[in-house]
Amino acid sequence: MSTAVVNKATKIIQIRRLYLFLFVVIAWVSLATIFRGRATLALPVSENSPFNDRVGAVAAAIRAGRFENPAFIYFFNPLREIIDSAVQLVRTLIAIPVSGSIIPVVGWFGVIGIVAFIVYASSNFKFTFLAVALLLGTGVLGMWTSTMDTIAMTLTAVIFSLGIGLPLGIWAGLSDRVLTFLRPFLDLAQIVPTLVYLAPLALFFLIGAASATIATMIYSIPIVIRITALGIRGLNNSPVEASISMGSTKRQTLAKVQLPMAKQTIILGVNQTVMAALSFVVIAALIGAPGLGGPIINALTVRNVGDGFVAGLAVVLVAIMLDRSTSAAVKTKKSFVPPSADEIKRRRLNVAAMGGFAVLSIYLSRNFLWAAVWPENINTSKIVSNATNTFVDYATTTLYFLTIGFRELITIAILNPLETLLAQSPWFLTVAAIAIIALIIGGRGVAILSVILLLAIVYTGLWRDTMLTLTQVIVATLLTMIIGITVGVWIGRSQKADTAIRPFLDAGQTLPAFVYLIPMLGLFGPTRFTAIATGIVYSIPVVTKLVADGIKNVPKSMVEAAIANGSTSWQVITKVQLPASKRSLLLAANQGLIFVLAVVVIGGFVGAGGLGYLVLLGSSKPEMQGKGLSAGLAILLLGIVIDRIAQTGARRK
Amino acid sequence: MSEHNSEAAISVRDLWKVFGPKPEELINSEDAKLPRAELMKKTGNTAAVVDVSFDVAPNEVFVVMGLSGSGKSTLVRCLTRLIEPTAGSVEILGEDILKVNTSRLRHLRRTKFSMVFQHFGLLPHRKVIDNIAYALEVNGVKKEARHKRAQEVIDLVGLTGYGQSYPEQLSGGMQQRVGLARALAVDPAVMFLDEPFSALDPLIRRDMQAEVIRLHKEVGKTMVFITHDLSEAMKLGDRIAIMRDGAIVQMDTPENLVAKPADAYVADFMRDIPKSHVLTLKSLARAPKPGEATDGPELDASTVIRDASPIIIQAGRPIRVASNGKPLGIVSSEDVLKLIAGEEQ
Amino acid sequence: MKIKLNSRNAIASLFIALGLVLSACSGAGVDEGASTDTSGSTTEETATEAVAAECGEWNIAMHAWVGYTAGAQVLTNVGEELGCTINQVKLDEAGVTYDAIEAGSIDVIVEDWGGGRWQEWADRGQLVEVGENGNVGLIGMFVPAWMAEEYPDITDAANLNKYAELFETSESGGKGAWYEGPPGYTTIGEKMIAAGDLNFQVISTGSEAALVELFTQAVENKTAALGYFYEPHNLFGALDLVRINWPENDWSAPEEADGSTDYPKSPLIKIASKNLIDSGDPFATVFQNWTWTNADQNQIAADIEAGTDPAVAAQKWIDANRATVDGWLG
Ligand SMILES: Nc1ncnc2c1ncn2[C@@H]1O[C@H](COP(=O)(O)OP(=O)(O)OP(=O)(O)O)[C@@H](O)[C@H]1O
Ligand SMILES: [Mg+2]
């Protein structure tokens, strides 16, 4: 009875909120039309705001101290050198020639042997076969050396990340105080787009393999910490309590109970870390990471879709290989029972045989040229690249009118009006409108936070560019949600569709956005829409998965009851499944926004302007560095505003 | 603070546990008497254990009962400092538990106390035998010795042959046997059992209760047994403490609780229990009325009425009740009927 | 649990075995194996090794455009002939690469268009300006050739306003679209628009790819486009673009430009790390002596663009210009 009353009350409040929201939007639009073009705070691209100048001066001062400042002499430079020697060590093992020789310590055949052994020792023959096949694939694509560089970079970053992240994660899992201290950083790390990390890091660690490794570590350490801490905190408490009640010391409880029980989650964390590091190493080519990222970004600057595609394909192969070999160690069934003694014995023999093969292959790769250097005549890069170029040229010329038509439709119908509203009206009007919307959606705390952060953006002098970026984020998220919900509902309802589509979603998630930025450029030209389309492609997998899982988790009984009442499929979807999976939808929207933001800023590479372009501008034009760093800050602030509004909104409803 | 009873195995005085931002301020304050919700609203605190004192005699089974949220688990955890109490004192085996340092506390936990948990708390990644040997292991006992001891308790709780299994391969009832065995492995002086059987289905629960009674007879431990199941409490408890909102409202033997509930709360609690199952002849014994036969068979005063009633009916006249040969009075079939009828309304 | 232990043992034993294998065949590496295969060439092998002892390992920054690749590849080939180890490192131009020089990960910039922006790095000492490489760059604003045919007077900047609406797109907010150069390049578009009171809106293209895309579509689909570009660039072989003319240039540093005159002809500059210059290495000598012409560069760039491997294209040029190359060796 009383719950029904409460439900009714919340419903009324929600309907009121909706009207209120509409009213605010109408008022906003009318005021914006009246005051259009005034106080927009537009700043020409080539000019710095006073704030940018100040940031620029700080950056210049930091650069000036590179060989004098104690912080550099005793911290940044030595740290860079340590990491550098580690990276170079791993690289000479598998990627670059040992000095005075033409091959690394281990040639390609030896690497195959080692990978086969490691994957087999941690999983089974099927995964070993897959891993070896994928690795050979990168060689066939003519990308062996770049691939080894990428793997070396990834591994080094992962090893350091685990070395730092695991202990911290365990500590944060055990101590509330440590977690409270770390949490803001962990939350922030989830919001900051990868592009934003690079410039400030380059200021301190300069450019090169070491800097790229450090950037990758800073990106992946929060992931290790988060998953490890969650793994320990998420444990069933009663075994832990039992252990304490039996007089274990903290260390004993950790070593004998918590760690063994959290092991699976921690391995999962390793898997996530490896994947994150790999995707970052590709982007880190912007600050000198060797490997597959170089050709991809190079292809972007000289518009060679084919070459970029070859490298991108190699990234995908490596991604699948690393993902499958690390996740194979994660047991799917949650059982602690080990296999029987016979099985163990058999495995031990097999593992030893595989180890023998590895040793033999290393020996061969050090003594025979065929096993040392990837054979030159097995190289399909030219063929694949040319085929891709031909195909893309064909597709873009034939699809041109279609894609341009769609682009123009979205641009004129949504993008331009929204941009006018956000960026062409007085800044205080926009701030006020966003604050009121935040108030309606998320409540007073978020509204106040939004106002403060938006004012901070105004203060950076990059208000208008921020609004350009925000416009693209909103449009991309809207389209993502439309597509994501449609596909998500479909695969949530049909197992067949799920089996058919999910592999693409999985693959899409491992693909760095740079890889498809160039084809998008071919389809949509140097426009804002290219950035939007790339953002959509990047965020659709995660949104679709969340929606599909939400739909799947709606209790069967609810759906059955609705069908028994004679509902049509459409009614079941709109009246039962979607409302019941509202939480997942809101979570999907939140994730969608953050993912889109991360990629829309990359759109700066292809003519989308906004903050992302300024970041790029700042990293290559020294006199614009202050502006670039400020743009990074503005992206961060914008990300927090979006995230907070979406999250509190989701929590309230 | 009143003195501790030096005879007792466990002696608790004025024990408090308050969760919240300013726990100390609540001790002995007026606010502590507020209902939970109001207290929460006013101070942000939850008083989980409120001014509790009691003694448990050696070898006694002391049952703590109460509704969900009444503070039973918190109380039992305070006794071994799995939760640090806010105020009060606890003596176990003559030692002031709240004053000992951590290494002494660990030593006591490893050798003198043990605990059985509602959700078993088994270590899923260890074999049954290693679960049971865990306390010995953390205490540094060599593998051979601890496995030998573990095997003994495995046999004791009827798990022979399951030592090499993993917890997930056992049924719920068997898992809790592992829990019991683990608690027995260190041969503790005191056992704490927090609703050990409430996650089991009724048939298995009855088996396990019988098991505890058997074990208690065999190994004779002091036990603090938490439950919210009245019949379980009645069956096992030498004495029962009833808790409400953190405080003990009444503490007595089962019969006295049924016969003389201290207030409406306890009475309400006791309503569901068939009195004839708990009360003994002692509570019905009265002086014979004029003209009543006084030559019926004699039964001991401690006989539960349910068990006595067939004899009374068969005898066709009142029976005589005696305690240790000393006559207490008589009980007629009418008395028994009245008692049962009284339950029905 | 058990399994993990086993595989851990196995991995440990593998590494021990690995160590044994490595130590067993240290000294007997592939190089020797390779040289015995081509038996008889041992003397030559030692000869190069002797040179190799003198010549070190150097990293050339690889910027994206093909002209740059041509120069870098020639230097790479010559350096390798001398027995140096030359690594090509793909990097963004200007600030990014200057930082890389300071970090020690880059030694050579083949051509820099930056007009002295490296001064601050040079002042700190790790970056050294080596001089002009002989190429001359010319930046400008371009339209597809078909537009110049259809509207002959469009090539005069003074007439741009007349045609502004031709260039209008959904991106340009009611004005003509002015596609500006990529982030690292010298650009003064905003000043030009302001000075000429042009009814155009600057659109920031983030990469050369975007510009190439723009002009490709403009030529192929006969659409209008006004964009930033520069010579020498091999794209001029493939696409017909026509330059818009402003009054003769009167500035050299972008800050001095008032927007009323065209971009300057800029001699392209060689930059090196202090390490390289101080080393007295043969490669340092080559780099310091190296100069060539736009024609040289275009010749190689055209080959590369036609699908020849850069190393092959560069070698072809080296073989044809042996005398010039020998002159660099000092
Ligand atoms: N760690 C804690 N923090 C705050 N409040 C707590 C904490 N632990 C218990 N409480 C509160 O203390 C009160 C007593 O809880 P306790 O678990 O002791 O009850 P219980 O009698 O064991 O209940 P149940 O029969 O459900 O196990 C409850 O109101 C509970 O919400
Ligand atoms: Mg409890």
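1. In this predicted model, Glu120(C) and Arg63(A) form a salt bridge whose closest N and O atoms are 2.5 Å apart. The contact runs between chains: Glu120(C) belongs to helix H6 (residues 119-124) of chain C, and Arg63(A) to helix H2 (residues 50-64) of chain A.

2. The two partners of this pair may be described by their accessibility. Glu120(C) has a relative accessible area of 23% and is partly exposed. Arg63(A), with a relative accessible area of 3%, is buried, because the limit for that class is under 20%.

3. Both residues also take part in a network of salt bridges, which links Arg63(A), Arg66(A), Asp99(C), Glu102(C), Glu120(C) and Arg124(C).

4. Within chain A, a salt bridge joins the side chains of Asp187(A) and Arg226(A), at 3.0 Å from N to O. Asp187(A) sits in helix H7 (residues 176-191) and Arg226(A) in helix H9 (residues 209-233), so this pair ties together parts of chain A that are 39 residues apart in sequence. Asp187(A) is partly exposed, at 27% relative accessibility; Arg226(A) is likewise partly exposed, at 23%.

5. Arg81(B) and Glu84(B) form a salt bridge, and their closest N and O atoms are 2.7 Å apart. Here Arg81(B) is buried, with a relative accessible area of 13%, whereas Glu84(B) is partly exposed, with a relative accessible area of 41%.

6. Over all chains of the model, the count comes to 46 salt bridges.

Methods
Residues numbered from 1 in each chain as written. Chains lettered and ligands numbered in written order. Predicted model: local features only at pLDDT ≥ 70, side-chain atom pairs only at ≥ 80, totals over all residues. Heavy atoms only, no water. Salt bridge = Lys/Arg side-chain N within 4 Å of Asp/Glu carboxyl O. Helix = DSSP H or I, 4+ residues; strand = E, 2+ residues; numbered from the N terminus. Buried < 20%, exposed > 50% of the residue type's maximum accessible area, 1.4 Å probe, protein only.
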